Every structure is written in structure tokens, then in C-alpha cells.
Amino acid sequence: MSGTERPATSRAEEQDGLYERLVAFEGRSAATAGTGKDPVNLPMIRHWCEAMGDTHPAYRGPDAVAPPTMLQAWTMGGLSGHTDRSSAYEELFALLDGAGYTSVVATDCEQEYLRPLRPGDEIGFDTVIESVSERKTTKLGTGHFVTTRTDVRAGGELAGTHRFRILKYAPAARPDRKPAARTAEPEARSGPRSGAADARPEPKPAPRRPRPVVNRDNAGFWEGVAAHRLLIQRCGDCAALRLPWLPGCAGCGSREWDTVEASGAGTVFSYVVMHHPPFPAFDPPYAVGLIELAEGVRMISNVVGVPYDKVRIGMPVRLEFLRVDEELELPVFRAGGED
Ligand SMILES: [Zn+2]
């Protein structure tokens, strides 16, 4: 234990001494003098780049280096594992399991890079249990964060550090679901569902639809949706249209782009009818269409205004915006498009 003062833990843990026993694992080794199963090599680099879609030229050719984010990959034991593990990590897990923190979730990882790894580098590593947090309560439940630090060496020289953090926790009781705003329009469109719900004495609030992942690459698309405009990206160099949004052109690689607004006309290019699994916010069976817009790009969305078993390939559809709840609006396609 270092000179920094530790925050107070709960009375119960002070009484049973659990936290003191957990903290005693800090600094203990989880793997000593581990060795990579393969030296840094081009085939693994190529597979990684293909899986990631990373075409950076630095990872190819006679002067290739390994992508820095592969750091951990060179230390992985694979299915057969490593034999040079200490028992400390397992003992720590057993202690947490015994205290009721039986669930585990990986929460985050941090890496630092000191020098590039090159094909032929022989990898060595040491892993230490760096810290065990005081007891924390998260949305998942109450437990302790455990951080391990792996120092990765190439030819004996420190090449990078990989910190991996997990939460060992006792799952919280499932919270009640948040009610969705019950706006009249989408409910009326979904037909029998609202009627059936209203017939019950106390209908359960409908679970919310999953939120779209909005990031810096696609934020403009969702800003367009909020303004009731379906925006298609157009390459600034070769003018190819693309949807969904991407940071670069798949045709020419250009990062320049602007947008064109979709006219809203389209046809059903293909579709599936979802029966199973019944996802809480949805009401199967329902049709999910791959819609070909008049501009030539395709997008996946719901086909509305027609029973699920009447959706057909080639059916004309027209864009409209469906307000799902107070936060979420989605572009959907109404059958019978040209009216
Ligand atoms: Zn292009």
C-alpha cells in the first residue's frame, strides 16, 4: 500500500476485512516472464488489418510495423493458454466470488506505446495486479474494479503497456423499465397492439426502442433526420453516393464529401419478416426492408402502412419520419409510395 490515503469502505466490509484482503493483491504478479506464442509476424498483422479494415501502408511491405493496437494480441495465450501464470489472479477472483461478486464484465482498456513492434520481434511480458478499487455501485451492480497492467517487451526492451480493467460485481435487481412517451400517431399506426394494450386493466409501459449509435462519422445523418431530411453522402472526388455514412469513400478513398438530400422515393429491394427472437421494444412479426432509394443507394428500415405479409420485392415506398418517442425519430418507408 502506498502513502495515498484510501477512501473509507462500507462498515460491513471493514468488519469482515474483505477490502483489506483484496488490496493485499495489489502488486502481486499475475504472469511473470511470459513469452509470446509467436514473434511479431506479417501474417498476423495482415489478418488484423483485414479484420479492422485498416489499409494503412505502414503495416505492409518490407518495412512494415505492427499496428500499435495489436499490443495485447502478441501476448495472448490462445485456446491452450499460457503456462506461466501465477495463481494470484485466480485467488483474487475466488475471494470476490466468495463475497458474492460472482459476475464479471470488462470495462475498459488503456494502452501506451513506447516503440513500434516489427516482424521478428520476440515478445516477453509481465502482468501485475495493479489495483483493486474500493467497493463501487454501478448500474450493473455493486462490486470492485480490478486493474491489471501488462508490460510488453520486445528483445528485452519495454515496447508498450496494456492496462485491462474488469468489474467483479453482484448483479443489481433489474430496474423497472422506463416508460416510453405514448404519442398517439405511431401507436395508432401499429394497429392491433395499442388496442390490445388498452384492453388490459393496467398496461405495462412499452419498452423503449434501442437508440442509434451517433458518432462523429454519422452525426450529420441524424441531424438531417431531426430536420426531416434524409441525407446521402457524396464523395467530393468521384461523386459516388454512399449510405450509411462513412468517413471515407470506399471507391476512391477520398475523405472529401458533401451531401445530397434523398427525394424520398424508393422501392423494396429485399426484406425479411422478423418472427423471433421477440425483442422487448418490437412487436413481431414485422417486416424489415432493404430499401433502394431513387438515388441508387440502399438502407435498412421498417416498411409501414402494409401488413408484414404483404411486403413484396419491387414494391414502391416513400420516405416518412416516424416519431418513436420523445427522443427518437426514425426514417421509415410507407408502402404505396407514389401517391
Ligand atoms: Zn470517391
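This is a predicted model: local features need pLDDT of at least 70, side-chain atom pairs count only at pLDDT 80 or more; totals for chains, interfaces and linings use all residues.
Let me start with aspartate 151, which at 12% relative accessibility counts as buried, because the cut-off for that word is under 20% relative accessible area.

Aspartate 151 sits in strand β5, which covers residues 141-154, and its side chain makes a polar contact, at 3.2 Å, with the side chain of arginine 149. If we set aside residues up to four places away in sequence, aspartate 151 touches Gly124, Phe125 and Asp126, and also Leu158, Gly160 and Thr161.

Let me turn now to the nonpolar cores. The largest of them has 30 residues, and the members that touch the most other members are Phe221, Leu230, Leu293 and Phe333. Two or more residues of this core come from each of α7 (219-226), β7 (231-235), β11 (286-293), β12 (298-304), β13 (316-323) and β14 (329-335). Leucine 230, once neighbours within four places in sequence are left aside, is in contact with a list of residues including Phe221, Val260, Leu293, Met299, Leu319, Phe321 and Phe333, and Glu261 and Pro331 are on that list too. Apart from this core lies another, of 15 residues, among them Ile45, Ala73, Val152 and Ala154.

Finally, the cysteines: how many disulfides does the model contain? The count comes to 0, where a pair of cysteine sulfur atoms would have to lie within 2.5 Å to qualify. As for individual cysteines, cysteine 49 is buried, with a relative accessible area of 10%, whereas cysteine 252, at 42% relative accessibility, counts as partly exposed.

Definitions and conventions: Residues are numbered from 1 along each chain as its sequence is written. Side-chain values use heavy atoms; hydrogens and water are left out. Helices (H or I, at least four residues) and strands (E, at least two) are DSSP runs, numbered from the N terminus. Buried means under 20% relative accessible area, exposed over 50%, partly exposed in between (1.4 Å probe, protein chains only). A polar contact is a pair of N or O atoms within 3.5 Å; within protein, one must be able to donate a hydrogen and the other to accept it, and residues adjacent in sequence count only if both atoms are side-chain atoms. Contact means heavy atoms within 4.5 Å. A nonpolar core is a set of buried Ala, Val, Leu, Ile, Met, Phe, Trp, Tyr and Cys residues joined through side-chain atoms within 4.5 Å.
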